[in-house]
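I would like to take you through some side-chain contacts in one protein model, beginning with the aromatic rings.

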Amino acid sequence: MKNPIRFVRTACLLAALAAGGTVPVSSSVADRMSPERTNPRHLSRVAEKPKWRMKRVSVVKKTIYENPRKAGMFFMDSRPLRQVVELDKTATDACRGGQFRRFGGGFVRIGGEFYRAARSRDIRRPRRMEVEDGIYVFRHEGSTRCTVYLADKR
């Protein structure tokens, strides 16, 4: 035992509590424990939420679908693709390099399948590249397999 006096004090305190008595408390400890002497910054309850708090803006999420049945359909043809349009080699090469792109346009339905299409005014292209009047039909747009066909003006 390192401190025998401490052990004796603790034993006396426990004996007094077991006998049903109260432990004498000094006046300075009693003053600090009284409700009138608590820290003024102490909160006795949870802080209220301010009424001016900004509310979250609810944004309606919209998904944009390119629906071929809406107004954007340029033309429909039941014949196969090769019979309706002809391959534009220079536009295909530029599309595969990412230089020939559509920024507007719509759709065409050829041979039962839908393809993305654009008029000549809805296409971004290199400066020196000539664009003919008509409808450009894109297949695998945005990839290195991109193929561009030109349909006559309808």
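Before we look at the rings, we need one definition: rings of Phe, Tyr and Trp, the last by its six-membered ring, count as a pair if their centres lie within 6.5 Å. Please keep in mind that the model before you is predicted.

With that cut-off, the structure contains two aromatic pairs. One of them joins Phe100 and Tyr136: the ring centres are 5.4 Å apart and the planes stand at 65 degrees, so this pair is edge-to-face, the term for planes over 60 degrees apart. Where do Phe100 and Tyr136 lie? Phe100 is in the loop between α4 and β3, and Tyr136 is in strand β7, so the contact ties together parts that are 36 residues apart in sequence. Phe100 has 0% relative accessibility and therefore counts as buried. Tyr136, at 1%, counts as buried too. Together with Phe138, Phe100 and Tyr136 form one aromatic cluster.

Another ring has a charged partner. Arg124 lies over the face of Phe103, at 4.9 Å from the ring centre.

Let me turn to the cysteines. A disulfide is a covalent bond between the sulfur atoms of two cysteines. How many disulfides does the model contain? The count is one, and the bond joins Cys95 to Cys146, with 1.9 Å from S to S. The link of Cys95 and Cys146 is right-handed, with 85 degrees about the S-S bond. Cys95 belongs to helix α4 and Cys146 to the loop between β7 and β8, so the pair ties together parts 51 residues apart in sequence. Both Cys95 and Cys146 are buried.

Thank you for your attention.

Notes
Residues are numbered from 1 along each chain as its sequence is written. This is a predicted model: local features need pLDDT of at least 70, side-chain atom pairs count only at pLDDT 80 or more; totals for chains, interfaces and linings use all residues. Side-chain values use heavy atoms; hydrogens and water are left out. Rings of Phe, Tyr and Trp (its six-membered ring) pair if their centres lie within 6.5 Å; planes under 30 degrees apart count as stacked, over 60 as edge-to-face and the rest as tilted. Helices (H or I, at least four residues) and strands (E, at least two) are DSSP runs, numbered from the N terminus. Buried means under 20% relative accessible area, exposed over 50%, partly exposed in between (1.4 Å probe, protein chains only). A charge sits over a ring if NZ of Lys or CZ of Arg is within 6 Å of the ring centre and within 35 degrees of the ring normal. A disulfide is a pair of cysteine sulfur atoms within 2.5 Å.
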